[in-house]
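Trainee: Could we go through this structure together, one question at a time?

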Amino acid sequence: MSEDDFLLLNPGPVPLTDRVRRAMDRPMVSHRSADFEAVYERAQEGLDYVFTRSTIDETRTSEAGTSLLLNGTATMAMEAAVANLVDPDDEVVALVNGKFGRRFARIADRHARCRRVEADWGDSFDLDAVEAAVSDDTAVVTLVHNETSTGLLNPVAAVGEIADAHDAAFVVDGVTSIGGDEFRIDDWGVDVAITDAQKAIAAPPGISAVYVTDRIEGALDGDGAPFYEDLDWHLRKAADNQTPFTSAVPLVRALAEAVDQIVEEGLPHRIRRHRRQARAFGDGFTAMGLERFPTLSGPTDLSNTVTAIDLPEDVAADPDPFFDAVAARDVSISGGQAHLAGQIFRVSNMGNLTDEQVLRGVETVGEALRDVGVRVDVDAGCNTARDVLNKD
Ligand code: PLP
């Protein structure tokens, strides 16, 4: 098979369009040149659109703020958001029901006092417990919108109300939702939103972005943050379309192209496409005879960008041959993370997948399961997925 036949269905990084790839293959320029400043401005305008218009309701837009590009993946953006909003004695309430919620808590441990509100990975939060944990002493509440480790959507609006009632800053990781699903900064009371280049935006990995709303900007204190993540400094330089330190020039060029493509598609269309493709994966796999992970309860929904499926019992006992059979077909999918390794597999529909690629993903998983002796109805899975894709 040629390189172009390879189908990347991991929940990040995701496939790049030819336009995005070509954007990186240009002569280098200085990050202090007018040439680069123009690219930065394009990237920032596109990010503003993505952060403030990630909704299918075209009448809604979000309050003013600033999109900042960071030289580092989303973990750096998560740390920057927290570290610029707390002193060591401050309290952060971190909501943890998956790997990335836990990452926020670990970051908060380093920079402040962290109080965790935990649920089992894949379970819903008990909003009464969140209410009980957040107080007027809470400086920051952190939440992951789309928990990539479990394929769950957490209730941002409900948690935002609780944070707002106590004047706590609300920092939300929209890494695997922003640009592919609804994300309403204003309606949900989000103060700082975070995303990654390599997920629903479909740019290469290595850089990330934060959206700092005007209402929280005055609360930032870059002096207490790691030197490289001083958001006050980033804001000052952003006013001149620059970053404080050497920009990742090829990656910013690629991101500028990726967000241009999002603007061209339009977010309402893009979000509907993501929802349809996620439903095709989910319904296709269940029609084949597989079961979804997690079981929904409480105020959570299934993700529209990442589909998680229980591995059948026999496969869970020895998952490698199944993943090898998928890889042998030139398709890459993910297993579970941490204690979910060997229990689930995950596929992503983030970015610019075609419907044919989604169908190939469904078929490949079905055939790979059959290879390792699982009785699945691959045709039923593919037919169901095709019906979903053809419906709208
Ligand atoms: N947040 C979420 C929801 C993620 O899915 C990821 C990565 O998969 C991250 C944060 C961290 O991204 P990175 O490992 O690229 O820093």
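Mentor: Gladly, and we start with a term: two residues are in contact if their C-beta atoms, placed from the backbone, lie within 7 Å. Helices (H or I, at least four residues) and strands (E, at least two) are DSSP runs, numbered from the N terminus. Axes are lines fitted to C-alpha atoms, for helices over the stretch in contact, and angles run from 0 to 180 degrees between N-to-C directions. This is a predicted model, where local features need pLDDT of at least 70, side-chain atom pairs count only at pLDDT 80 or more, and totals for chains, interfaces and linings use all residues. Residues are numbered from 1 along each chain as its sequence is written.

Trainee: At what angle to E3 does helix H4 run?

Mentor: Helix H4 covers residues 99–111. It lies across strand E3 (91–96), E4, strand E5 (138–144) and strand E8 (169–173). Its angle to E3 is about 160°.

Trainee: Which are the edge strands of the seven-stranded open sheet?

Mentor: Two strands pair if DSSP finds at least two bridges between them. The order here is E2-E10-E9-E8-E5-E3-E4, with mixed pairing. An edge strand pairs on one side only, and here these are strand E2 (65–70) and strand E4 (113–118).

Trainee: In E10, which residue is the bridge partner of Ala-193?

Mentor: Strand E9 (residues 192–196) and strand E10 (residues 208–213) run antiparallel and are joined by five bridges. Ala-193 has as its partner in E10 Tyr-211.

Trainee: Which element gives the most to the side of domain 1 that touches domain 2?

Mentor: The domain assignment, automatic or from a database, gives domain 1 (3–11 + 267–391) and domain 2 (18–265). The contact takes 29 residues from domain 1 and 32 residues from domain 2. On the domain 1 side, helix H10 (267–288), strand E11 (301–302) and strand E12 (306–310) each supply at least two residues. The most, seven residues, comes from H10.

Trainee: How many residues of the shell around the ligand are charged?

Mentor: A residue is near a molecule if its C-beta atom, placed from the backbone, lies within 6 Å of it. The residues around the ligand include Gly-12, Phe-100, Asp-173 and Asp-196. Ala, Val, Leu, Ile, Met, Phe, Trp, Tyr, Cys and Pro count as nonpolar, Asp, Glu, Lys and Arg as charged, and the others, Gly among them, as polar. The shell has four nonpolar and five polar residues, and the number of charged ones is two.
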